[in-house]
Amino acid sequence: MDAHREDEEAASPLIAAPAGGGRSHAADAHVLSAAFLFVFSAYSAAQNLQSSVNTEGDLGTVSMGILYTSFTLFSVVASPVVTRIGPKRALIVGTSGYVLFILANLVPTWYTMVPASLYLGFTASIIWVGQGTYLTSAALSHARENNFPEGPTLGSFNGEFWGMFASTQVIGNLISLALLRNGKDGGSVTGKNLLFAVFLGCMIVGIVLMCLLSKRDEKRDNTPTHSSFGVMLKYIIAPLKDQRMLLTIPLIAYSGLQQAFVWAVFTKSIVTPVLGISGVGGAMAIYGAADVVCSLVAGRLTSGLRSAAFIVSVGAILQAIVLFWLLLFYSPMDGLLGAAIPLFIGALWGVGDGVLNTQLSALLGLLFEDVKEAAFAQLKVWQSGAIAVIFFLSPSITLEAMLILMAASLVISFGSFLLLTLVVEKSSPVIA
């Protein structure tokens, strides 16, 4: 009974206040979530439009491929950088790349988009490792100070964050839908510039909120100082020697593939032919709404590896159904039913994305507590690398080939994850 009550209390992370009277760890999680809400409401909507708006020479798609290649490469060194400067500074510095990317979209040429994409790849690696480190630190501190179990608390904090983050797809894409609602060509140049000006304002609010976060010192006595390249490289590669990380990597990679599939393939090949560019915002808003609900519910239900395995299974099955249906039965249709199908697909895909984001973050925080920065760096290395693959492949391969690639990746990653649950249950039954 007591354990059950503790689980319920941990699932409500906003109740307990710190004994010293300062800002609670849960309040920091709120501020962090709100900051990402503003920054990524702008960025997510801008990203969704790249393959449909910046079409000359596939500028948008190629820029996104460059961005995520840069993201992958810089994620290798993001972990020691965040350890050195601290997660709060990493979050603030990381936001600058998103601001520059929005500015580049006001004058979209190869000379603006490519440099902005390269720089955003660097800052994105910093901000995401900082986010994972900061949120995990807040959740674990909250659990320890209030005698809550760590698993449910991590699940609750991650559910809250990813629920807020998923709502960026709703808010940003509704703004996009409102400002680009005139015609299938995506509206006038003035409408696009106004849209990106609004996005820039959202970015500024997000930066201000980042500055309001409490400082968290993640430097421990036994933390490597990375004074030499060899020491830094050893710190980065260390997680790859852990069997648990090796079994987690396929699911991490698939999480990137399925996100990029929505951004680069779903919007261009499924939504735009039926609803036009102006319909991308509405379809992605529904995707985001499903993502929000699923993230919040999945976070509440997380109590350990067994619950995570069940939740991931539900998301994987739903995405498998979508992939095989698109591969075997789908063809664009006219009328109300034809318009509704992309929206329904977006909703189902959003459920799977909410599951993966919430469970992967909670899982890494639980299994790799002592090397959080390195674990979340691995998350972004493999995730962003997979995203880059989709953006580079999507202009040159057919929709059918892309669907086969996605289905095969899902089967492999889900099998690896199930094997991970067996390994962890045998070695650490408490975590399971």
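The model is predicted; local features need pLDDT of at least 70 and side-chain atom pairs pLDDT 80 or more, while totals for chains, interfaces and linings use all residues. Residues are numbered from 1 along each chain as its sequence is written, and side-chain values use heavy atoms, without hydrogens and water.

I then took the geometry: the axes of α9 and α11 (residues 305-328) come within 13 Å and cross at roughly 40°. Axes are lines fitted to C-alpha atoms over the stretch in contact, with angles from 0 to 180 degrees between N-to-C directions. Helices are DSSP runs of H or I, at least four residues, numbered from the N terminus.

I listed the contact (heavy atoms within 4.5 Å). From α9, Leu-251, Tyr-254, Gln-258, Phe-261 and Ile-270 meet Val-312, Gln-319, Leu-323 and Leu-326 of α11. By class this contact has seven nonpolar, two polar and no charged residues. Ala, Val, Leu, Ile, Met, Phe, Trp, Tyr, Cys and Pro count as nonpolar, Asp, Glu, Lys and Arg as charged, the others, Gly among them, as polar.

I searched the whole structure for cavities and found four of 30 Å³ or more (on a 1 Å grid, points where a 1.4 Å probe fits but cannot get out; lining residues have an atom within 4 Å of a point). The largest cavity has a volume of about 310 Å³, the space filled by probe spheres set on the points. Of its 26 lining residues, Tyr-68, Trp-128, Phe-165, Gln-259 and Trp-263 are closest to the centre. I noted that α6 gives the most to this lining, five residues.

Methods:
On a 1 Å grid over the protein atoms alone, a cavity is a set of points where a 1.4 Å probe fits but cannot get out, and a pocket is an open set with protein on both sides within 12 Å along at least five of seven lines; lining residues have an atom within 4 Å of a point. Helices (H or I, at least four residues) and strands (E, at least two) are DSSP runs, numbered from the N terminus.
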